[in-house]
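Please walk me through this structure.

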Amino acid sequence: MERRSVDVVVLSDVHLGTYGCRAKELLNYLRSIQPGMLILNGDIIDGWQFSKSYFPSYHMQVIKELMQFITHGTRVVYVTGNHDEMLRKYTDMHMGKFTLTDKLVLEIDQQMTWIFHGDIFDNTTQGSARIIAKLGSNGYGMLIVFNRMINVFLHWFGREKVSISKKIMAGVNKAVAKVNDLEQIASELAIKKKYDFVICGHVHQPVIRTIENAEGKVVYMNSGDWVEHMTSLEYENKTWRLFEYQAADFPASTTSDYPRDLNVVTDDIMVHFSRLTPNA
């Protein structure tokens, strides 16, 4: 499969190191694209559930593929989330084509895009509630494994697959949204800051939606996850779109060159990206 050239790709909520992570599918996707910039918008490595006894080869291959992007000239920006919060002590670190930060602003085609994980607006990840959230995260991982076992049996009997975990996650997100309302809060702040787009992760709900209020409007986007939905956001031809992985489209993966030019600006992390070419 020949790599597709994409200006910007945003991934979030991969949760490497957990049973629910769809690392094989993600690896196929990564080997099908050549992004000028790759933004990892939090919860890429799951520090809450990380165990030395479980880190399969596909998970390690994903990390190696991300490093290959850097080697071949792709600018990789890692925006920290709550599951990889241990990295926040190193925020605003720059090493060649790699940047670690808590939030990011891109200026592309005279439009401003604000990017952050989104857990800061979730009170279930703050204070003592974090303990409950971590316990829930572990239970969710076990539910994923159980769900896959159920689907094996359903397949044997010619029945359609079901996603118990997705339904439960959606229900939990709806309940949390009543308190936190991530989309609305993030969008209202983005409107006040005069951004054209705002991108979050965290809630595992892929979406592109225009939100308006009396002060203006903004396009809210969420890159989804690589546990259930297997989605990303892609920017190409002056347009953001939601990519959804389909197994039938990935019979095989190949490697190829990574050439790409892109002018971007990031001001919230105190660094100026003028080009994404290897000599930038």
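## A walk through the model

N237 lies in the loop that connects β11 (231–236) to β12 (239–244). The model is a predicted one. Start with the backbone at this loop. Most residues other than glycine have a negative phi. N237 is not a glycine, yet its phi is positive, near 55°. K238 is found in the loop between β11 and β12 as well. K238 is not a glycine either, and its phi is positive at about 65°.

Next, look at the surface of this loop. N237 has a relative accessible area of 65%, and the cut-off for exposed is over 50%, so N237 is exposed. K238 has a relative accessibility of 62%, so K238 counts as exposed too.

Now move to another loop. Y90 sits between β3 (75–79) and β4 (93–95). Its relative accessible area is 47%, so Y90 is partly exposed. Y90 and T80 are ten residues apart in sequence. Their C-alpha atoms are 10.0 Å apart in space.

Turn to strand β8, residues 197–200. In a regular strand the side chains alternate between the two faces of the sheet. In β8, F197 and I199 are on one side, while V198 and C200 are on the other. All four are buried, and both faces of the strand are covered.

What does β8 pair with? Strand β7 (residues 111–116) pairs with β8 in the parallel sense, over three bridges. Within that pairing, I115 has I199 as its bridge partner. Strand β10 (residues 216–222) also runs parallel to β8, joined by four bridges. Here C200 stands opposite N222.

Finally, consider the rings. A search of the whole structure finds ten aromatic pairs. One of them is W226 with Y245: the ring centres are 6.0 Å apart and the planes are at 70°, so the pair is edge-to-face. This pair links distant parts of the chain, 19 residues apart. W226 is in the loop between β10 and β11, and Y245 is in the segment after β12.

Are these two residues buried or exposed? The cut-off for buried is under 20% relative accessible area. W226 has 0% relative accessibility, so W226 counts as buried. Y245 has 7%, so Y245 is buried as well. Both belong to a cluster linked by ring pairs, made up of Y29, W226, F243, Y245 and F250.

The charged end of K193 sits over the ring of W114, 5.3 Å from the ring centre.

Terms used:
Residues are numbered from 1 along each chain as its sequence is written. This is a predicted model: local features need pLDDT of at least 70, side-chain atom pairs count only at pLDDT 80 or more; totals for chains, interfaces and linings use all residues. Side-chain values use heavy atoms; hydrogens and water are left out. Helices (H or I, at least four residues) and strands (E, at least two) are DSSP runs, numbered from the N terminus. Buried means under 20% relative accessible area, exposed over 50%, partly exposed in between (1.4 Å probe, protein chains only). Two strands pair if DSSP finds at least two bridges between them. Rings of Phe, Tyr and Trp (its six-membered ring) pair if their centres lie within 6.5 Å; planes under 30 degrees apart count as stacked, over 60 as edge-to-face and the rest as tilted. A charge sits over a ring if NZ of Lys or CZ of Arg is within 6 Å of the ring centre and within 35 degrees of the ring normal.
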